[in-house]
Number of protein chains: 2
Amino acid sequence: MEKNPLEEAILAAFEGMSAQLQAAARYILDHPRDIALLSMREQARQAGLQPATMTRLAKHLGFDGYEDIRSLYRAAVRGHAPNFAGRVREQAQHQKLKGDQFLAGEMLMTFGRQAALLAEPDSLACIADASTRISAARDVYCLGLRSSHAVAWHLHYILSLIGKRSTLLDGIGGTGADPIGRAGPQDVLVAVSVLPYTRAAIEIADYARARGVCLVAITDSPVAPLAQSADMAVIIPTDSPSFFHSMVPAFAAAESIGALVAGHGGDGTLSALREFDERLAALGTHLTSRTVRKTP
Amino acid sequence: MEKNPLEEAILAAFEGMSAQLQAAARYILDHPRDIALLSMREQARQAGLQPATMTRLAKHLGFDGYEDIRSLYRAAVRGHAPNFAGRVREQAQHQKLKGDQFLAGEMLMTFGRQAALLAEPDSLACIADASTRISAARDVYCLGLRSSHAVAWHLHYILSLIGKRSTLLDGIGGTGADPIGRAGPQDVLVAVSVLPYTRAAIEIADYARARGVCLVAITDSPVAPLAQSADMAVIIPTDSPSFFHSMVPAFAAAESIGALVAGHGGDGTLSALREFDERLAALGTHLTSRTVRKTP
DNA sequence: GAGTTATTGCAACACATGTTTCATTATGAT
DNA sequence: ATCATAATGAAACATGTGTTGCAATAACTC
């Protein structure tokens, strides 16, 4: 059944309602989405009721007016969260989380919603398309500047791990764009860029495109500069309750793409991972114990 | 991304639009659900545009008015399935989603669940505690190697943005641990490390602890090496349907911590952000146009 | 630089909105 | 049957809505 914020409240008060109020309440229970979408008068029309009845029901349920009910239902449609979000909200309210923890909770719930958006079929198709292009490429170049750097780096790291020839265009020592000079039509450039778009990223992407490199964009809108010139784009949300645009969705998309490319590799990936492990073991890179060491 | 009935029509007409029309079009593409839920004037307010612009865009796209567009988007929301996660599963079953998209969908749903775990009160308390310690610190050192690098880098980036004295211990040029030699009890080291734990990260963390530096760990278990020696630890999940342990939860935690530190800053943060903007503007780092550039 | 066209902001307009009030009707208790 | 209370429909009201037209500004062409 659909999300219905007032279901319990209405069921609890239903018996004590008059006929008209019950009819209005029934309409709300049966059409939660229309409560969000239609005006109160249009709802009353569709329910065959007087507009005043809707307002009266709202007051009967303890609200100031019907606009409060519509607002609640709009939030439900807008939130469109999986069940865990509702649970976290209730918990937050009951425990009276304050300040820091409230904001952090809001941010994390936003990340959850964003992950859900990315899990929708058209986004999944884009992620799969991107991974297919990367798997087919001779070389992969990963580009992300400023807030996008972490995303590009992460994808580069995963691809390197699985033996894919990946190059990070990160500008260290002023050499950022040099490697792209070797790229051609058999290669892929994965460029990450969100508002505010960095000029250098766009220019490098244009240059690569001019060389016939396949451009895969991870960006925040279909009309963003990168998306318009890309061969394909993975569109990610960046909205956040905080001042900072969130890079978590882009990071999640990049990790998903990297994992899919790994899955394409078959025996080659397995052997690359094995070589990696042996190399790191020889260099003593990782602790062999998973847990506590004695304090030195 | 969400259902967007006019995506193709907008993309096709985008280049021929004026600046204001493009901004309105972008708002529609980026907020399809709000198109259904909010009045045209409220949308214009949120987009920072004139109401007449919304009507003009509608006419530009061949409609009689903006109400036609809203009606289209309401229909899209009305047709939307109730439970997106359930819908993806059903669709997968009915349409026999191919391997890539199924795995990507599973990963993204895992990220959503992990976000929910991090949104629970004990995790939120740790995130808040970490942010409080960082805010109180004279200097902050961010450390994350290999797969943890992106997380450390992201936190470092946010802290730098808001004017916090942050240093990334990244080992470039073999100088990774050098800056920690200047650290003392007034400083914080944020170290990120998950299985397989890198030896260098643990050793640097130990060194810092020996110097009295407050150690904040972002790691995958309360009994991980880092957590055991840290002053406090943010425990993040890393499980993933893919071969690769996921760094998305750690990334989300780091971003949340950074945002909370920003919120502690008050006027200092605002002026730091302003200086940052001015510096970047002076250097021409970002594109001034949010949307398409003419094809070069 | 001048002229033309396109764009834009603003104000006015007709109409819709949600709420409140009043008069009428219905219901319940005695 | 009578009376008091609750419920109901309709109208009035203040405010918001989407659209249109006008004047000013910007952009483009010659």
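Reader: Which element gives the most to the surface near DNA strand C?
Author: That is α5(A), with 4 residues. Keep in mind that this is a predicted model.

Reader: OK. Which elements supply at least two residues there?
Author: From chain A, α4 (40-47), α5 and α6 (66-79). From chain B, α2 (19-30) and α5 (51-60).

Reader: Which residues come nearest to DNA strand C?
Author: There are 20 residues around DNA strand C. Ser39(A), Met40(A), Arg41(A), Ser18(B) and Arg56(B) come nearest.

Reader: How much of the DNA side is sugar and phosphate?
Author: Sugar and phosphate make up 59% of the atoms of DNA strand C that come within 4 Å of the protein.

Reader: And how do the residues divide by class?
Author: The surface near DNA strand C has 8 charged, 7 polar and 5 nonpolar residues.

Reader: I want distances. What does the side chain of Arg41(A) reach?
Author: A base oxygen. An N or O atom in the Arg41(A) side chain is 2.5 Å from a base oxygen of DNA strand C.

Reader: Which side chains are placed by phosphate oxygens of DNA strand C?
Author: Lys59(A) is one, with a side-chain N or O atom 2.9 Å from a phosphate oxygen. Arg45(A) is another, with a polar side-chain atom at 3.4 Å from a phosphate oxygen.

Reader: Switch to DNA strand D. Which residues come nearest?
Author: Ser18(A), Arg56(A), Ser39(B), Met40(B) and Arg41(B), out of 20 residues around DNA strand D. Sugar and phosphate account for 63% of the atoms of DNA strand D that come within 4 Å of the protein.

Reader: What polar contacts go to phosphate oxygens of DNA strand D?
Author: Among them is Ser18(A), where a side-chain N or O atom is 2.6 Å from a phosphate oxygen. For Met40(B), a polar backbone atom is 2.8 Å from a phosphate oxygen. A polar side-chain atom of Arg45(B) lies 3.5 Å from one.

Reader: Which elements give two or more residues on that side?
Author: α2 and α5 of chain A, together with α4 (40-47), α5 and α6 (66-79) of chain B. α5(B) gives the most to the surface near DNA strand D, with 4 residues.

Reader: Helix packing now. At what angle do α2 and α5 of chain A cross?
Author: Roughly 85°, for α2 (residues 19-30) and α5 (residues 51-60) of chain A. Their axes come within 9 Å.

Reader: Which residues make the contact?
Author: On α2(A), Gln20(A), Leu21(A), Ala24(A), Ala25(A) and Ile28(A). On α5(A), Thr53(A), Met54(A), Arg56(A), Leu57(A) and His60(A). By class, the contact has 6 nonpolar, 3 polar and 1 charged.

Reader: Last topic, the sheet in chain B. What is the strand order?
Author: β2-β1-β3-β4-β5, in an open sheet of 5 strands with parallel pairing. The edge strands are β2 (166-168) and β5 (232-235), each pairing on one side only. Neighbouring strands are turned by 20° against each other on average, direction ignored.

Reader: How many bridges join β1 and β2?
Author: 3 bridges, for β1 (residues 140-144) with β2(B). Val140(B) has Ser166(B) as its bridge partner in β2(B).

Reader: Which strands does helix α11 lie across?
Author: α11 (residues 199-210) of chain B lies across β1, β3 (188-193) and β4 (214-219) of chain B. Helix α11 runs at about 160° to β3(B).

Technical notes
Residues are numbered from 1 along each chain as its sequence is written. Chains are lettered from A and ligands numbered from 1 in the order in which they are written. This is a predicted model: local features need pLDDT of at least 70, side-chain atom pairs count only at pLDDT 80 or more; totals for chains, interfaces and linings use all residues. Side-chain values use heavy atoms; hydrogens and water are left out. Two strands pair if DSSP finds at least two bridges between them. Axes are lines fitted to C-alpha atoms, for helices over the stretch in contact, and angles run from 0 to 180 degrees between N-to-C directions. Contact means heavy atoms within 4.5 Å. Ala, Val, Leu, Ile, Met, Phe, Trp, Tyr, Cys and Pro count as nonpolar, Asp, Glu, Lys and Arg as charged, and the others, Gly among them, as polar. A residue is near a molecule or strand if one of its heavy atoms lies within 4 Å of it. A polar contact is a pair of N or O atoms within 3.5 Å; within protein, one must be able to donate a hydrogen and the other to accept it, and residues adjacent in sequence count only if both atoms are side-chain atoms.
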